[in-house]
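User: Could you take a close look at one helix for me, and tell me how it sits among its surroundings? I'd enjoy one connected walk-through.

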Amino acid sequence: GGVGGCDAGVARWVMRAGLEMMTEEFEHDVGLAEVLELVLGRALTPDDAVQLPEDRKLNDMRRGYVETGDAGLAAVMGLTEGGGSSTFREASKLTGGEIEQRLAAAMKIIHRDEESHYLDAAKAAAAAVGSEDDLERMKRALLAVSIQRVRMRNEMFSEAMSAAEIDRLIA
């Protein structure tokens, strides 16, 4: 921890990790915002930012698990960040015109960052397993959040799958 100043009471490495994550998230936002502005043909405004209901549910669910104080549940939430990054990996392979090229470039950056986070989260989750009960609790949370992530992505992509298709996928 620090001796005083802005890091009083916070370990410097924790603060640094938080700043790195915020910087990465900002870089992701900038890359995607620039692509959206290209598509829209105009600058984004505050009114353009909308959180969809399934995304709100996902964020609330993940926050709830982290706020339990259970190290295993907090660690497993890291495994759900970025959905394991496969969406970003595949989108980084887009080809075509300027929009596709710029989107692929943004996705490549996001994939790189999310893959790194995923690997770190896997190590933290493995270290948090102290018993069979820990493992089962973590697996249940991982499954619940993963299912909600599917629902969130489906909503994000204009309900590409029906409720019945999602139910079959989950089963």
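**A helix and its neighbours**

Analyst: Helix H2 covers residues 53-66, and at 1.5 Å a residue its 14 residues should span 20 Å, which agrees with the 20 Å between its end C-alpha atoms. (The expected span is 1.5 Å times one less than the number of residues; helices are DSSP runs of H or I with at least four residues, strands are runs of E with at least two, and both are numbered from the N terminus.) Please keep in mind that this is a predicted model, where local features need pLDDT of at least 70 and side-chain atom pairs count only at pLDDT 80 or more, while totals for chains, interfaces and linings use all residues. Residues are numbered from 1 along each chain as its sequence is written, and side-chain values use heavy atoms, with hydrogens and water left out.

Now to the inward side of the helix. Glu-54, Leu-58 and Arg-62 are the buried residues of H2, where buried means under 20% relative accessible area with a 1.4 Å probe, protein chains only. Viewed down the axis of H2, these residues fall within an arc of 70°, so they line one face of the helix; the arc is taken from the directions from the helix axis to the C-beta atoms. An α-helix has 3.6 residues a turn, so residues three or four places apart point the same way.

What does that face meet? The buried residues of H2 pack against H3 and H6, with contact meaning heavy atoms within 4.5 Å.

Leu-58 also belongs to the largest nonpolar core, which has 12 residues, among them Leu-73, Met-77, Ala-141 and Met-152. Such a core is a set of buried Ala, Val, Leu, Ile, Met, Phe, Trp, Tyr and Cys residues joined through side-chain atoms within 4.5 Å. H3 (71-80), H5 (98-128) and H6 each supply at least two residues of this core, and H3 gives the most, with five. Ala-141 is in contact with Tyr-65, Leu-73, Val-76 and Met-77, leaving aside neighbours within four places in sequence.

Glu-155, in helix H6 (residues 132-156), touches Leu-52, Pro-53, Glu-54 and Asp-55, not counting residues up to four places away. Glu-155 is buried yet has no salt bridge, and the nearest side chain of opposite charge, Lys-57, is 7.3 Å away. (A salt bridge is a side-chain nitrogen of Lys or Arg within 4 Å of a carboxyl oxygen of Asp or Glu; Lys and Arg count as positive, Asp and Glu as negative, and His and the chain ends are not counted.)

Note on methods: Buried means under 20% relative accessible area, exposed over 50%, partly exposed in between (1.4 Å probe, protein chains only).
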